[in-house]
Amino acid sequence: MNLIVKCFKGLWHGLNFSRRLILNLLFLGIIAALIIGVSSDGDEIIINENSVLRLNLEGSLVEELTYIDPFDAALSDATSSNKQPKEILLDDVVRVIKAAKDDERIQVLLLDLKHLRSGHLDKLRTIADTIDEFKESGKKVLAHGAYYSQGQYYLASKADAISLHPYGGIDIRGYASYPLYFKDALEKLKVTQHIFRVGTFKSAVEPFIRNDMSEPAKEAKKLWLNELWSQYKLDIIAARQFSDSNFDETITDYLSKMEQVEGDYAQYALANGWVDELKTDQQIQQELIALVGENKSGKSFKQISFTEYLSFIKPPIDFVNPVTEKVAVIIARGNIVDGKQKAGKIGGESTAALLKKARLDDKVKAVVLRIDSGGGSMFASEIIRNEILAIKDAGKPVVASMGSVAASGGYWIAASANEIWASPSTITGSIGVFGLFMTFENALNDLGVYSDGVATTELHDISLSRGLNPQLAQVFQLGVENAYDKFISVVAHSRGLEKAAVDKVAQGRVWTATQAKEFGLIDNLGNKQDAISAAAKLANLDFYDVITIEQTLSEKEMLLREIFGNAMVKETLNAIAPQSNLLKLIERNLGQVSTDLERHLSTLSNMNDPNGIYTQCITCQITY
């Protein structure tokens, strides 16, 4: 026996030594790469006179960057198995275009949008308005691409001239919502679902209890999707000065037009007025060389990229004037969950802490809560709302500014603000609650696994392995109904509305902001800057600075970000962990099924409300 123990100890020590050796070698390699990287990071960004600002946006437009562990980020860049989705901060795009407008060295804005993944209409409209401001300076705006998605084309429509590759195309299909439904799959797995909800239109749980979309859900979705599509079309028509007949809403019209151009997508775009000319990349490059001149190498035109220009104009450390009065902006983006959360999720405690920081800062005279959330935990939402009430009690006005989505819990945290502002395309409302959990007694029994025992009270008669007592199910339903009553009461009291009137437009139904304004759910239509101006006006501020209060990184996190954010480190990791073509192929072909399933499962995994009651709009997402 002692011999066996000694053998295992020896094996363990050997493995432990090997592990430490490998980690130490990796660490030394990273440090060496960091030193090399730092020494090579001294290249100064130079902007030539008469240059092109290439707005080459890459990733999805967001209000707040999701926190990613620096080491995980470095590893994900080195392998294809766990790629972190790229994000572009909306404020950074606006800052770059505004600065370029007044920069005499920048003469042309080139919209290079091929890697822009997604952006809700409200974010695209904010950038489009900023492009319009840029054009007021008399400078040119050009757009060129091989392919334009619907979102990409929205921005491209603001250009003085749009060019498309002769073999390219444009994909404008309108808006849709086609979630996946898992009822039969769950039944085949013998998973028992326990659903508790209030609201005729509360469709958040439908994917788990149906195989199709209910008629009330279809009715509600069609209303706000049509409103978004109408806004999109009107904006494009105003920018391009053509008829709404250019938008093909039937397959018959689309086929007829494609037959006329013999199936040539680029010629279709040209004939339909979507683009002004067909040009190859080389032709647009020569056009820009003729316009602004060659760069130093003589191989292209004088230009600076989006990221280079951003790093040039953005100070490494934002200086906060200690003297001036402030309007504080706090971003609430992501699912609302209980506790403390990093950026990218709205934690009840962590977001309330940011609001409290604004409340206790004597220089902060007003607060803007910028919301981009489909909701989540009811308890966490109420913790955040309590802090908003505390700010108001301290004599500081609070303005809620809704981004792409401020529905369900996203509306709950906005309801008690002094004023609510939203973009015309904001998805809001969805005032309803539900409870959901699953038990696996039937699936386990099929496998020959059973649960049995004793308890001191009947209240223990709930278990993932035993199911749910029907009387306890009634208790949960009562709790959900009580939560719904609290929700509409909060809205009625905060908005000065009759409770019955709120109930009529609640029921879990989703609205666009233009529709919600008619019911008194919001006060004004406008963007984040409009909300900031409104907050300053409520606080009687003539001169003020705007600050963003966000979570601060720990010293350890700052050190890791400094080390693992270095490009040279990523190159070293790339050499250590080469990308797998097989994983790339799998990742590319999983498609919409994995996306929808992941979103629903992710929502379920984030459900941590202490009372198990949620105000969540899972199906607020739309397909472009």
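**Close-up views of a predicted model**

**View 1. Surroundings of Tyr 232.** Leaving out neighbours within four places in sequence, Tyr 232 is in contact (heavy atoms within 4.5 Å) with Leu 121, Gln 150, Tyr 153, Tyr 154, Ile 172, Tyr 175 and Phe 247. The model is predicted, so that local features need pLDDT of at least 70 and side-chain atom pairs count only at pLDDT 80 or more, whereas totals for chains, interfaces and linings use all residues. Residues are numbered from 1 along each chain as its sequence is written, and side-chain values use heavy atoms, with hydrogens and water left out.

**View 2. The largest nonpolar core.** A nonpolar core is a set of buried Ala, Val, Leu, Ile, Met, Phe, Trp, Tyr and Cys residues joined through side-chain atoms within 4.5 Å, where buried means under 20% relative accessible area, exposed over 50% and partly exposed in between, with a 1.4 Å probe and protein chains only. The largest has 60 residues, and Leu 111, Tyr 153, Tyr 232 and Trp 274 have the most contacts inside it. Because domain 1 (51-172 + 247-313) and domain 2 (326-435 + 467-548), with bounds from an automatic or database domain assignment, both give residues to this core, it lies between them. Another core, of 55 residues, lies apart from it and includes Ala 406, Ala 415, Val 480 and Val 502.

**View 3. Strand S8 and its partner.** Seven bridges join S8 to the antiparallel strand S19 (residues 433-439), in which Met 438 stands opposite Gln 193.

Conventions: Pairing = 2+ DSSP bridges. Helix = DSSP H or I, 4+ residues; strand = E, 2+ residues; numbered from the N terminus.
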